[in-house]
Amino acid sequence: MDLVKAKKHLGQHFLKDESIAHKIAESLSDNVGNVLEIGPGMGVLTKYVLQQKRPNFWVIEIDGESVEYLKNHYPALENHIYFGDFLKLDLSELFSSEKFAVIGNFPYNISSQILFKVFDNRNQIPEVVGMFQKEVAERVAAKPGSKIYGILSVLLSVYYDIEYLFTVSENVFNPPPKVKSAVIRLTRNNVEKLNCDEKLFVQVVKAGFNQRRKTLRNALKALNKNLENIPERFLQSRAEQLSANEFIEITKVLENEQ
Ligand code: SAH
């Protein structure tokens, strides 16, 4: 069977450098057990994960032609190829309630949505190793005070330790994307629950960054709550200056307000 011809609308940029595929697979911790690979394409990364002999290893791929290719070339995957959309996947279908790590050279057009889904399912996902567009990787790993620090940096940093592992040139892909790429690793920390209303916390972070050039006094008006009891030093700040813990402090104040 011929190679799969890249489909732009599916974010297909196939990695052609074996050593980078190997390095990504090796960045996954030994102790995480089960693994899900998102968007295996023609399996360049898949074959290195297969060598690790994980207890339960699934791949999910939305492109039928890639699925056919994988079936023909990786018999060891057997019936662990799921033909479908990761964003629509009910995770319990593949892993029931067991934990699993996520790996992939991800489709860049849905990077944020993948990360929001990880955030929503954080108690089932102990680790993520993935390649993203470099800018997205940098944003996710950004710390307070930086211009690129944003919603995903705050939300993910509450539950994950985030490491920027390495940068990857556009020339190792077929076809080359317009941007550089980077691999990051998220490792679940031991925070179980925030001691504040988590839904409200997410709303506060989103409202703060939706108008990121404004002070929180103005940006948080969108929440339609009394802001008077929030400490002045926070109201005068912009979202990008605050740590996740400071957003939690704000949330605790707002929980008690109308
Ligand atoms: N891992 C391969 C392919 C990366 S390109 C490699 O490194 O060469 C991204 C892959 O994600 C493509 O195969 C594309 O078909 C797949 N994909 C795109 N959207 C998807 C989705 N929503 N769910 C699952 N796979 C998806």
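I will begin with the domains and the contact between them, then turn to the ligand, and finish with some local details of the chain.

Please keep in mind throughout that this is a predicted model. The domain assignment divides the protein chain into domain 1, which covers residues 2–188, and domain 2, which covers residues 198–257. If you take the C-alpha centres of domain 1 and domain 2, they lie 32 Å apart, and the contact draws 16 residues from domain 1 and 15 residues from domain 2.

How much area do domain 1 and domain 2 bury between them? The computed value is about 1100 Å², and 66% of that is on carbon and sulfur atoms. Within domain 1, the residues that lose the most area to domain 2 are Tyr149, Ile151 and Val154, which together account for 40% of what that side buries.

There is also a polar part to this contact. Between domain 1 and domain 2 the count is two salt bridges, and there are six residue pairs in polar contact, counting pairs in which both residues are at pLDDT 80 or more. On the side of domain 1 that touches domain 2, helix α5 (111–120) and helix α7 (151–159) each supply at least two residues, and the largest share, six residues, comes from α7.

Let me move on to the ligand. Which of the 21 residues around the ligand come nearest? They are Leu15, Gly39, Glu61, Asp85 and Asn105. For aspartate 85, a polar side-chain atom lies 2.8 Å from a nitrogen atom of the ligand, while for asparagine 105 an N or O atom in the side chain is 2.7 Å from an oxygen atom of the ligand. Proline 40 takes part through its backbone, where an N or O atom lies 3.5 Å from a nitrogen atom of the ligand.

Because glutamate 138 and lysine 134 are four residues apart in helix α6 (residues 134–141), about one helical turn separates them.

Proline 126 sits in the loop between α5 and β6 (127–133). Although proline 126 and valine 32 are 94 residues apart in sequence, their C-alpha atoms are 7.0 Å apart in space. Beyond its neighbours within four places in sequence, proline 126 is in contact with several residues, among them Val32, Phe100, Tyr160 and Leu186.

Finally, there are two points about the backbone. Most residues other than glycine have a negative phi, and most peptide bonds are trans. Serine 96, in the loop between α4 (92–95) and β5 (101–105), has a positive phi of about 50 degrees although it is not a glycine. The peptide bond from asparagine 174 to proline 175 is cis, with omega near -10 degrees, and proline 175 is found in the loop between β8 (173–174) and β9 (181–188).

Note on methods. Residues numbered from 1 in each chain as written. Predicted model: local features only at pLDDT ≥ 70, side-chain atom pairs only at ≥ 80, totals over all residues. Heavy atoms only, no water. Domains from an automatic or database assignment. Contact = heavy atoms within 4.5 Å. Buried area = accessible area lost by both parts, 1.4 Å probe. Salt bridge = Lys/Arg side-chain N within 4 Å of Asp/Glu carboxyl O. Polar contact = N/O pair within 3.5 Å; in protein donor to acceptor, adjacent residues only side chain to side chain. Near = heavy atom within 4 Å.
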